[in-house]
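Subject: Structure handover

Hello,

Here is the structure I said I would pass on. My notes on it follow below.

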Amino acid sequence: MTMNQERIQGAPTGASVLSVQDVSIYYGSNRAVKNVSMEVLPNSVNALIGPSGCGKTTFLRAINRMHDLTPSARVEGRILLDGEDIYGDVDPVAIRRRVGMVFQKPNPFPTMSVLDNVVSGLKLAGIRDRRILLETAERSLRQAALWDEVKDRLNSPATGLSGGQQQRLCIARALAVEPEILLMDEPTSALDPQSTARIEDLMGDLKKVTTIMIVTHNMQQAARVSDTTSFFLNGDMVERGPTDAVFTSPSDERTEAYVTGRFG
Ligand SMILES: Nc1ncnc2c1ncn2[C@@H]1O[C@H](COP(=O)(O)OP(=O)(O)OP(=O)(O)O)[C@@H](O)[C@H]1O
């Protein structure tokens with residue numbers, strides 16, 4: 001293991017924005033994620049790859065306490081966000097404000113305008129100052145590379161945008177509350193190649209303002225956009241390291257078989 005790999009995979013470094021410590025996740029008696037630990041550095045893009053059903057989404061959802069909404073689900077271990085245990089004595093709603101999420105299918109609020117979608121999180125937090133709302137909307141839409149396309153239709157329904165624009169709107173909506181982490185669950189799988197490329201191009205800019213965890217089935221995408229890659233198999237995190245190393249010289253033969261397309 002290289003020093004860089006040790007830094008990524010090993011003990012908490014204090015520099016981590018997210019520290020996952022021995023996390024297991026159960027649905028009833030089925031353990032879908034097994035003893036996963038990882039340290040995530042700020043302003044990095046972290047890909048989670050692995051065959052269908054290996055636990056990637058289950059792992060991702062633990063990071064913003066979405067399993068609270070599933071009665072059979074249980075999370076063991078510790079997840080620290082900037083040193084604070086997100087399963088400790090904290091309000092899950094406050095955690096979800098700090099950990100944004102973008103889903104597979106774009107899900108703008110259908111009855112709201114473009115502008116109201118972007119600032120919905122701020123309004124929920126009680127911010128009413130129109131100047132602040134407009135400034136935040138412009139900043140977030142610029143960060144999501146959507147501003148130029150929507151600046152003249154901010155008050156039009158969000159549902160009038162194309163699928164790719166709607167997904168960038170959802171990214172802008174997530175960014176508006178300045179999340180420490182942005183979770184992306186196969187964010188381009190419902191999009192055409194051109195919209196996918198736009199979102200991939202965006203990743204480098206997004207990580208300047210947040211830290212990204214992205215589940216993807218597309219290994220070229222993981223290779224193109226991420227700094228670290230974690231390979232999951234049957235609930236185990238088999239390997240995690242710098243993306244270059246995981247793709248070109250994986251240390252586990254199961255990772256090699258997967259990234260070279262021999263299974264999955
Ligand atoms: N709500 C749920 N209730 C019960 N079991 C679940 C639930 N969600 C997922 N599972 C199970 O947990 C395991 C991991 O599923 P998960 O969706 O996390 O995998 P994944 O790697 O994200 O798969 P995919 O790539 O197909 O999205 C699977 O065996 C799945 O059937």
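In what order do the strands of the open sheet of 4 strands run, and is their pairing parallel or antiparallel? The order is S2-S1-S4-S5, and the pairing is antiparallel. Strand S2 (30-40) and strand S5 (84-85) are the edge strands, each pairing on one side only. Helices (H or I, at least four residues) and strands (E, at least two) are DSSP runs, numbered from the N terminus. Two strands count as paired if DSSP finds at least two bridges between them.

Before the rest, two notes on the model. Residues are numbered from 1 along each chain as its sequence is written. The model is predicted: local features need pLDDT of at least 70, side-chain atom pairs count only at pLDDT 80 or more, and totals for chains, interfaces and linings use all residues.

Overall

The protein has 11 helices and 10 strands. Its radius of gyration (taken over C-alpha atoms) is 18 Å, close to the 18 Å that the globule rule gives for 264 residues, so the protein is as compact as a globular protein of that length. That rule is 2.2 Å times the number of residues to the power 0.38. The C-alpha trace spans about 55 × 40 × 35 Å along its principal axes.

The UniProt record, an unreviewed entry, places the feature "domain: ABC transporter" at residues 18-259. UniProt positions are in the numbering used here, feature names are shortened, and annotations may be inferred rather than shown by experiment. Over residues 18-259 the chain is 38% helix and 26% strand, with the end C-alpha atoms 26 Å apart.

The sheets

Leu 80 stands opposite Asp 85 in S5.

An open sheet of 6 strands has the order S6-S7-S8-S3-S9-S10, with mixed pairing. Its edge strands are S6 (99-102) and S10, each pairing on one side only. From one strand to the next the twist averages 20°. Axes are lines fitted to C-alpha atoms, for helices over the stretch in contact, and angles run from 0 to 180 degrees between N-to-C directions.

Strand S9 (residues 228-233) and strand S10 (residues 236-242) pair in the antiparallel sense over 6 bridges. Ser 230 stands opposite Arg 240 in S10, and Thr 228 opposite Pro 242. S9 and S10 form a hairpin with 2 residues between them, and Asn 234 in the turn has a positive phi of about 50°.

Helix packing

The axes of helix H4 (residues 114-124) and helix H7 (residues 163-175) come within 6 Å and cross at roughly 35°. H4 contributes Val 114, Asn 117, Val 118, Ser 120 and Gly 121 to the contact, and H7 contributes Leu 169, Ala 172 and Arg 173. Residues are in contact if their C-beta atoms, placed from the backbone, lie within 7 Å. By class, this contact has 4 nonpolar, 3 polar and 1 charged residues. Ala, Val, Leu, Ile, Met, Phe, Trp, Tyr, Cys and Pro count as nonpolar, Asp, Glu, Lys and Arg as charged, and the others, Gly among them, as polar.

H7 also lies across S6 and strand S7 (181-185), running at about 170° to S6.

The ligand

Residues around the ligand include Tyr 27, Gly 50, Lys 56 and Thr 70; a residue is near a molecule if its C-beta atom, placed from the backbone, lies within 6 Å of it. Helix H2 (residues 56-62) gives the most to this shell, with 3 residues. The shell has 3 nonpolar, 8 polar and 1 charged residues.

Regards

How values were computed: Contact = placed C-beta atoms within 7 Å.
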